[in-house]
Amino acid sequence: MNLRWCAAAAAADAAARLGLESPRYRDEEGVWWTVAGGRWQAWRTDTWHAADPPARVEGPASDLPAAATDPRSPGNAGGSPELELGAAIQAAVGKIADAFAAGRLSSDAAEAALGELYALDEEGGVWTVGVRTARWHRFHQGRWQLVDTAPDPTRVVQRKKLDDEGLTALRAGMATFLSRDELVPEPPSEPWLPPAPAPRPVAWHATHRVPPSGLAAWESPETRAQPFGSLTGGLEVELLERSGAWAHVSRPGGTLCWVDGRLLVEL
């Protein structure tokens, strides 16, 4: 999944403009969000609850606008001849991490840029910096390994020497590295797996009736929130769950709301 970070307000505008139904986003803590009818909802306890959105969200790059580029756009190590190779790689990875976090790069574009930032040692080891932890990693013996220091500059192989027939260990190490799918030790973003819709009964059936006086209806069981409407007295509803004095009910047609469950009349 190609992902991008975006301000929540811009994400809501894009969803409305593109006509997206129940778009999925997540915040920095991994909480899932959606926006419907201009209202934000968070996925908690296996259902959606109305909530104030975070400052920014991560979602599919195709659904979110890119942030404007600026002079800090990422470059690769080759673009910093004044720096030692290790320092140049660290600086370039840092720029890529900043650009992804700001929404100027999508996760695919960031990973492609990271794939050009390697140092090679004489033993066939491949070195680079993790984009999320900013720590050095070395690919050796078929896997990425976290290391405490940058590569020894005296052991790093210059690009012009890569065809040296004496560097058999290097060529073997590179062949193993290129045969693997994990060409970077840390992808720019965590794997993407939106929540499944909350389970609902296959067939709707009434379990309770709204009292003659009617009931105020809320989007979430929070007393500080304002009700968005009301249920007409005598309306039959299906009770889905209780949370203290609150009752989560389904109206005919499947629309949901929270009401004062103490006032419902059982059928």
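## A polar contact at R26

A polar contact is a pair of N or O atoms within 3.5 Å, where, within protein, one atom must be able to donate a hydrogen and the other to accept it. In this predicted model, a polar atom of the R26 side chain lies 2.7 Å from the backbone oxygen of E190.

R26 belongs to strand β2, which covers residues 25-26. Buried means a relative accessible area under 20%; R26 has 7% relative accessibility and therefore counts as buried. Its contacts, apart from neighbours within four places in sequence, are L3, W5, V31, W32, W33, V57, E58, S189, E190, P191 and W192.

## The buried side of helix α3

Helix α3 spans residues 107-114, and its buried residues are S107, A110 and L114. These residues lie on the same side of α3, because they cover an arc of only 65° around the axis. They pack against two elements, β1 (3-7) and α2 (85-101).

## Packing of α2 and α3

The axes of α2 and α3 come within 10 Å and cross at roughly 175°. Angles over 145 degrees count as roughly antiparallel, so α2 and α3 are roughly antiparallel to each other. On the α2 side the contact is made by V93, I96 and F100, and on the α3 side by S107, A110, A113 and L114. Of the residues in this contact, six are nonpolar, one is polar and none is charged.

Most residues other than glycine have a negative phi. Which value does phi of S22 take? Phi of S22 is near 50°, a positive value in a residue other than glycine. S22 sits in the loop between α1 (8-18) and β2. With 42% relative accessibility, S22 counts as partly exposed.

A134 is another residue with positive phi, about 60°, although it is not a glycine. The loop that holds A134 runs between β8 (126-129) and β9 (136-140). Exposed means a relative accessible area over 50%; A134, at 55%, is therefore exposed.

Definitions and conventions: Residues are numbered from 1 along each chain as its sequence is written. This is a predicted model: local features need pLDDT of at least 70, side-chain atom pairs count only at pLDDT 80 or more; totals for chains, interfaces and linings use all residues. Side-chain values use heavy atoms; hydrogens and water are left out. Helices (H or I, at least four residues) and strands (E, at least two) are DSSP runs, numbered from the N terminus. Buried means under 20% relative accessible area, exposed over 50%, partly exposed in between (1.4 Å probe, protein chains only). Contact means heavy atoms within 4.5 Å. The arc is that of the directions from the helix axis to the C-beta atoms. Axes are lines fitted to C-alpha atoms, for helices over the stretch in contact, and angles run from 0 to 180 degrees between N-to-C directions. Angles under 35 degrees count as roughly parallel, over 145 as roughly antiparallel, 65 to 115 as roughly perpendicular and the rest as oblique. Ala, Val, Leu, Ile, Met, Phe, Trp, Tyr, Cys and Pro count as nonpolar, Asp, Glu, Lys and Arg as charged, and the others, Gly among them, as polar.
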